[in-house]
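Student: Could you show me how to read a metal site and a helix pair in a model like this one?
Tutor: Happy to; let's look together.
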Amino acid sequence: MSTIERAEVLVASPGRNFVTLRITTSDGVTGLGDATLNGRELAVASYLRDHVVPLLIGRDPARVEDTWQYLYRGAYWRRGPVTMTAIAAVDTALWDIKGKVAGLPVYQLLGGRSRDGVMVYAHASGNDTAELLDDVARFLDEGYLAVRAQAAVPEVGGTYGVRKGKVYEPAASALPDEQPWSTEAYLDFAPTYLAAVRERFGFGFHLLHDVHHRLSPIEAARFGKAVEDLRLFWMEDPTPAENQEAFRLIRQHTTTPIAVGENLSSIWDVQHLITEQLIDYVRTTVVHAGGITHLRRIFDLAALYQVRTGSHGAGDLSPVSMAAAVHVDLAVPNFGIQEHMGHVDGVDEVFRTGVRFADGMLHPSEEPGLGVEYDDEAAAGFPYEPRYLPVARRLDGSVHDW
Ligand code: GCO
Ligand code: MG
């Protein structure tokens, strides 16, 4: 029997930090899993290195479900982003190995294609409406069928989602950047630029917007009503989701579709959102929600309630996660859309991915497994650098949800 011989925790910062788990079997087969938790990277690295790797050595790599149960139930302590990200890394690496052993791309192990490609949305942004419109035009020219639109709110510096370089990177400073926030200014301004996008480009593509947890339920209801005629594909994270019940209030007021889940890590965190039909899209990911095994369980629950998928795909998810996401997206019946933000240049040197973009869709590699390789030599040139996500403060100085 083949056994797990080695599990290495690889930390590198090619433009931003990534934690990667590489598992090697006694037959010399390797598998990769993403273990990146933005701004808290080393906690997951230690969880894996100090508490999980010793449990993996000698195990049968083929027992993917059993290993998941062993790590989840065996920890005794339940859920949480650090644990679920660590389990995800192991699970993803074992699916990669299973694919390589079978000689099949992972989507084939998940039941094969349910569609020809994975529709993705791009991130358009601008410092004002005019800049945003130019950016939307660029993505539509590149063939995107769906675009997310974010513009800087006047007098609120550092508004969420506004790109400075090639790719939006909020975790840009060695200590958390503190950014001002005004709900009133946002609620006045955001509907106007979304309307400007529809006026200029019409309704022949999907338009998305990320509220990024900034509103209370009644404010989110007001926002949803204000943009109803613009037929958004979704408004994302309109209010924080720790209290799942809060979404009922938003639902009572607006038909603007709701997407939630990028910072939630288990089926229990989305259970009521799904079973009570309080959302339309579930945005949990392979890397932060327990790997392919657990994400599929969430998506299957969602399918029962006509909730579709819309996995998080920001630049802080490594190409290993993105490849895994595309394999899952291709296979599940209730796929909705996949976020596709892209990565800064150095990332491609460390991670060689077979995922390809064409005509608004992503396509996985047909290589066995996930189709991603890790270049140790390139990674050695990019040591870890402490980086934090920003913190938001209201104009009176009090802390707000970033
Ligand atoms: C998104 C997200 C990201 C997150 C980031 C945090 O919709 O892509 O909201 O931009 O803020 O991934 O690490
Ligand atoms: Mg988001």
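Tutor: Along the sequence, the donor residues of the magnesium ion (ligand 2) follow the spacing D-x25-E-x25-E. Donors are N, O and S atoms within 2.8 Å of the metal (3.2 Å for Na, K and Ca), and since water is not among the atoms, sites may look incomplete. This is a predicted model, where local features need pLDDT of at least 70, side-chain atom pairs count only at pLDDT 80 or more, and totals for chains, interfaces and linings use all residues. Residues are numbered from 1 along each chain as its sequence is written, chains are lettered from A and ligands numbered from 1 in the order in which they are written, and side-chain values use heavy atoms, leaving out hydrogens and water.

Student: Which residues coordinate the magnesium ion (ligand 2)?
Tutor: Asp 210 (OD), Glu 236 (OE) and Glu 262 (OE) do, at 2.0 to 2.2 Å.

Student: Are Asp 210 and Glu 236 buried or exposed?
Tutor: Buried means under 20% relative accessible area, exposed over 50%, partly exposed in between (1.4 Å probe, protein chains only). Asp 210 has 1% relative accessibility, so it counts as buried; Glu 236, at 0%, is therefore buried too.

Student: At what angle do the axes of helix 5 and helix 6 cross?
Tutor: Axes are lines fitted to C-alpha atoms, for helices over the stretch in contact, with angles from 0 to 180 degrees between N-to-C directions. Helices (H or I, at least four residues) are DSSP runs, numbered from the N terminus. Here helix 5 (residues 129–141) and helix 6 (residues 183–201) have axes that come within 10 Å and cross at roughly 45°.

Notes: Helix = DSSP H or I, 4+ residues; strand = E, 2+ residues; numbered from the N terminus.
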